[in-house]
Each structure stands twice: as C-alpha cells, then as structure tokens.
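I set out to record, entry by entry, what I looked up in this structure.

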Number of protein chains: 2
Amino acid sequence: MTASIPPGDAHESPRTPAVVLLSGGLDSATTLAIAMSDGFDCHALVFEYGQRHRVELEAADRVARTLGAASITQVHLDPDAFLGSALTTDLAVPKDRAPETLEPHDAGDIPVTYVPARNLVFLSYATALAESLGASDIYLGVNAVDYSGYPDCRPEFIDAFQRAAQLATRAGAQGATLHIHAPLISWTKAQIIRRGVELGVDYALTHSCYDPDGQGRACGHCDSCLLRKAGFERAGVADPTIYSPA
Amino acid sequence: MTASIPPGDAHESPRTPAVVLLSGGLDSATTLAIAMSDGFDCHALVFEYGQRHRVELEAADRVARTLGAASITQVHLDPDAFLGSALTTDLAVPKDRAPETLEPHDAGDIPVTYVPARNLVFLSYATALAESLGASDIYLGVNAVDYSGYPDCRPEFIDAFQRAAQLATRAGAQGATLHIHAPLISWTKAQIIRRGVELGVDYALTHSCYDPDGQGRACGHCDSCLLRKAGFERAGVADPTIYSPA
C-alpha cells in the first residue's frame with residue numbers, strides 16, 4: 001500500500017468518513033460521486049493487481065482528485081494471488097461478443113475475465129481501512145444488470161459479505177453497524193450514466209476498456225467497451241471515450 | 001506474494017488440495033498437522049504484514065517444510081492497511097496480565113493487539129488461492145476458548161465468511177461447496193497441544209510470542225506466551241519454548 005495521498009484541495013472536515021472502492025471506470029466514478037452527494041468524506045481505495053495497463057490507475061487518480069476525495073490509498077496486490085484470469089495473464093480478452101451474451105446470464109457462463117475472489121479481497125481491505133479510519137460505510141460500484149456475469153457482483157454476495165465483515169471487526173463486535181453500499185447494483189448502464197451526468201461526473205476522465213492500445217485509448221470491442229458504448233447510446237449522452245482507430 | 005516455494009521433499013500426488021493458513025504459532029502448526037492427517041495436499045499460506053519480528057515467518061517456513069506441505073506461498077500485506085494495532089505499531093504489548101483477563105470475555109474488551117479485519121483479509125486471500133488451485137477446503141487455526149477476545153476468531157464469523165466466499169467465487173456459483181475448517185475453534189490450548197503431540201508436531205519449531213528478544217526468544221510475559229505456557233502445563237506436556245532470561 002502506498003501512503004495515502006491527499007488530493008489537490010484536501011479539506012479539513014467534520015463529516016463522516018466513508019471508504020469508496022475506485023477502479024477508474026465509469027461505475028466506480030459514479031459511485032464516488034453518489035457517496036460525495038450522500039455527504040460523506042470519501043476515502044478512495046484503489047487496487048493495483050497486475051492489470052495489464054496502468055491506464056485505469058491513472059484514471060482512478062484523476063477521478064478521485066476531480067471529484068474531491070479526502071484521500072487516495074493505493075494498495076498493491078501481487079498478481080500471483082489472482083491466477084487464471086485474462087485480466088492478469090496472457091489469455092485473450094474476448095472481442096465483439098454478441099450483445100445478448102453481455103447481459104445477465106446463469107452462473108455456468110462466467111467469462112475468462114473473471115478474477116478469482118476479487119471483490120472479496122477488495123472488500124476485506126476496505127473493511128480494514130474503514131476500521132482504521134473509524135468509518136462504518138463502504139461504497140462499491142458493482143452492478144448486476146449490465147454486467148459481465150461475475151458471481152461477486154450479485155446482491156446476495158454483498159449481503160453475505162456485510163454480515164461477515166460486521167462479525168469480523170472490533171467496531172461491529174461493539175455494536176456499530178457496517179454498511180456496504182452498492183448503489184448501482186440494480187441500475188442499467190444508461191441509468192448509471194444519467195445519474196453521473198446529473199452529479200457532474202466527467203466521464204472523459206474514466207477508463208473502462210480491458211485492452212487499451214499503447215496510447216491508452218479504448219479498444220471499442222471488449223465486453224467492457226461494448227457495455228459502455230451501449231450505455232451512452234441508451235442514455236442519450238454523447239460518449240466522450242477516445243477509441244483506438246485500429 | 002512471493003513465488004510458491006516447494007519445500008524439501010515436495011511430492012507429486014493426486015490428493016485433493018487444501019489451503020492452510022500458517023502463522024508459525026502453535027495453533028496453526030497443529031491445524032496443518034490435522035489437515036495433513038485429513039488426507040489433503042496442503043498448500044501453506046503465510047502472511048507478512050509488518051509484524052515487528054521475522055521470527056514467526058521463519059517458524060512458519062520450518063513448520064511447513066517439516067510437516068510436508070505441498071507448497072508455501074508468502075504474501076506481503078502492506079502494514080498501512082492494518083493501522084492501530086500493537087502488533088504493527090509502537091503501542092506497548094501488554095505483559096503479565098491476570099489469567100482471568102486472558103479467558104473468553106465480552107466484546108467490549110478487545111485487546112490492543114487486535115489487528116483490524118485481519119482474518120477477513122487472510123481468508124479472502126485464502127479463497128483466491130483456493131480457487132486458483134481448484135481447492136474447496138481452507139483450514140485456519142482460530143480458537144474461541146483460550147483466545148485473546150478477537151471478534152474474527154468467533155464461530156459465527158467463520159460461518160458468515162464461508163457463506164460470503166461461497167457466493168464470491170466461480171466455483172461456488174457453479175455449485176462447489178467451499179469448506180472453511182476451523183478444527184481448533186472449541187478446543188482448549190491443552191487439547192490443541194495434546195492433539196498436536198499425537199500427530200507428531202514438534203512445538204520447538206513454533207513461535208507464539210508477540211514480543212521476542214533480539215535472539216528470537218519468547219518473552220514469557222505477553223498474552224500469547226502466558227496462554228501457551230498454561231497450555232503446556234495443563235496438557236502435562238514439557239514446554240519446549242526457549243524463553244528470554246531477561
């Protein structure tokens with residue numbers, strides 16, 4: 001974990017702290033904006049776990065600073081803990097899949113971009129950071145509608161984790177109630193984008209692509225690009241993403 | 001995470017894999033011996049998280065090799081994630097506490113050696129490693145009897161975690177049942193030691209002290225030393241621990 005870096009206009013504030021998981025993508029940027037609008041002092045938690053590009057980490061940093069997070073904490077997770085995923089190994093990222101395969105589907109059809117137990121590890125760190133900060137609120141941008149079929153994005157996982165975390169911590173054992181907020185969980189991508197635009201999120205700062213080119217431009221063809229493109233279209237919002245011409 | 005190191009006599013085997021959390025202490029050494037006797041190929045998972053001494057990591061390595069673990073994986077967790085504990089900061093480790101304060105007590109009385117959300121983070125990594133290995137069994141040596149009052153050592157936490165992990169993983173979503181084994185959870189320290197002796201655990205290889213001297217010798221006065229000493233006494237087993245003469 002690198003030291004927490006207070007962003008540009010760090011402010012002293014008596015507001016209640018919350019931890020917000022931030023990836024640099026569209027969903028987590030919107031989630032941070034929602035947590036800010038809920039009145040929390042937001043401490044962004046960003047993971048570096050052997051992603052194949054640093055573009056999304058830079059996006060996370062831009063988003064946190066621009067939206068006014070109280071701090072940014074970057075944790076390095078060694079990629080060996082997350083074997084067997086196309087996001088951390090040389091497996092090919094699927095491209096131009098048919099739209100119906102990107103929508104919710106059954107548990108037998110989890111894509112190769114699944115990273116073992118990722119949200120479990122992320123939320124556990126968030127719980128540790130929350131306890132260190134005296135925070136009882138954790139936000140994450142998982143979504144079970146326009147998603148990729150990952151088991152750890154389902155509401156029943158979030159509920160089960162909240163119960164485990166409550167029992168794991170000193171604060172929980174002493175009666176505090178830990179809240180895991182997943183405000184986007186039942187929203188479509190278009191609804192997420194419309195809410196983000198209302199809250200002033202600049203989506204040009206965000207990065208969603210699994211397979212950007214050498215200049216950090218989105219491929220336009222991976223599952224994440226396809227879901228994002230369709231979301232802007234359905235929301236009736238101009239897509240600010242810069243796509244690779246290739 | 002450092003690369004997995006096959007210990008001395010690594011064996012090729014068709015046995016079912018399991019992940020065993022190993023600290024180098026008495027409880028986790030006994031747990032590894034139990035997992036071995038249950039017939040699993042045991043993959044030891046050891047965490048380094050800014051403990052104040054490397055004595056316990058060396059002990060974990062000795063124990064894993066001696067008992068015949070199939071692999072040892074050491075994960076580095078940055079200590080900044082675990083603020084506010086005497087085990088990772090300069091807070092004083094309590095010494096020579098009265099025996100009654102070492103026994104189970106209510107949740108309001110959690111000692112300063114508590115590390116925020118530690119077992120939650122440890123078990124999450126174990127779940128990720130288990131999924132990578134194709135393992136459905138995780139062993140950990142938590143104990144809710146002769147313990148130090150940590151909330152994340154209680155059976156209700158283990159049960160809640162098992163449910164969350166089951167929902168978090170591809171294997172769980174596809175129907176596999178994840179088992180979190182906590183075989184020591186209701187045993188006294190004396191029972192643990194007796195079972196370990198039956199299974200051939202050499203407790204001279206283990207290290208329990210929170211505050212060893214410069215030569216790695218146990219202080220004999222911290223909570224962990226006091227519980228360990230009393231356990232050997234009650235078990236009627238000679239204590240092989242080398243205590244600091246100071």
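Predicted model: local features only at pLDDT ≥ 70, side-chain atom pairs only at ≥ 80, totals over all residues.

**Entry 1: a helix and its cover**

The expected value is 1.5 Å times one less than the number of residues.

I then asked how many residues of H1(B) are buried. The count is 11 of 12, so I noted the helix as mostly covered. Among the buried residues are B:Leu26, B:Asp27, B:Thr30, B:Ile34 and B:Met36. I looked up what these buried residues pack against: strand S1 (17–21), strand S2 (41–48), helix H2 (55–67), strand S4 (137–139), H7 and H8, which belong to chain B. After H1(B) comes B:Gly39, whose phi is positive, near 95°.

I turned next to helix H7 (residues 189–198) and helix H8 (residues 223–235) of chain B, whose axes come within 8 Å and cross at roughly 65°. The two helices are therefore roughly perpendicular to each other, since angles from 65 to 115 degrees count as such. H7(B) passes H8(B) in a right-handed crossing.

Which residues meet in this contact? From H7(B) I listed B:Lys189, B:Ala190, B:Ile192, B:Ile193 and B:Arg194. On the side of H8(B) I found B:Leu227, B:Arg228, B:Ala230, B:Gly231, B:Phe232, B:Arg234 and B:Ala235. By class, the residues of the contact comprise 7 nonpolar, 1 polar and 4 charged.

**Entry 2: a helix of chain A**

I repeated the length check on helix H5 (residues 155–168) of chain A. Its 14 residues should span 20 Å at 1.5 Å a residue, and its end C-alpha atoms are 20 Å apart, which agrees. H5(A) is mostly covered, with 10 of its 14 residues buried; these include A:Phe157, A:Ile158, A:Phe161, A:Gln166 and A:Leu167. The cover includes helix H4 (118–133), H6 and S5 of chain A, together with helix H4 (118–133) and helix H5 (155–168) of chain B.

**Entry 3: a loop residue**

Finally I located A:Ala176 in the loop between helix H6 (170–173) and strand S5 (179–181) of chain A. A:Ala176 counts as partly exposed because it has 15 C-beta neighbours inside 10 Å. Its C-alpha lies 8.1 Å from that of A:Gln166, a residue 10 places away in sequence. Leaving aside neighbours within four places in sequence, I found A:Ala176 in contact with A:Ser136 and A:Ala171.

Methods: Residues numbered from 1 in each chain as written. Chains lettered and ligands numbered in written order. Axes fitted to C-alpha atoms, helices over the stretch in contact; angles between N-to-C directions. Helix = DSSP H or I, 4+ residues; strand = E, 2+ residues; numbered from the N terminus. Parallel < 35°, antiparallel > 145°, perpendicular 65-115°, else oblique. Left-handed = near helix turned anticlockwise from the far one by under 90°. Contact = placed C-beta atoms within 7 Å. Nonpolar A, V, L, I, M, F, W, Y, C, P; charged D, E, K, R; others polar. Buried ≥ 20, exposed ≤ 12 C-beta atoms within 10 Å, placed from the backbone.
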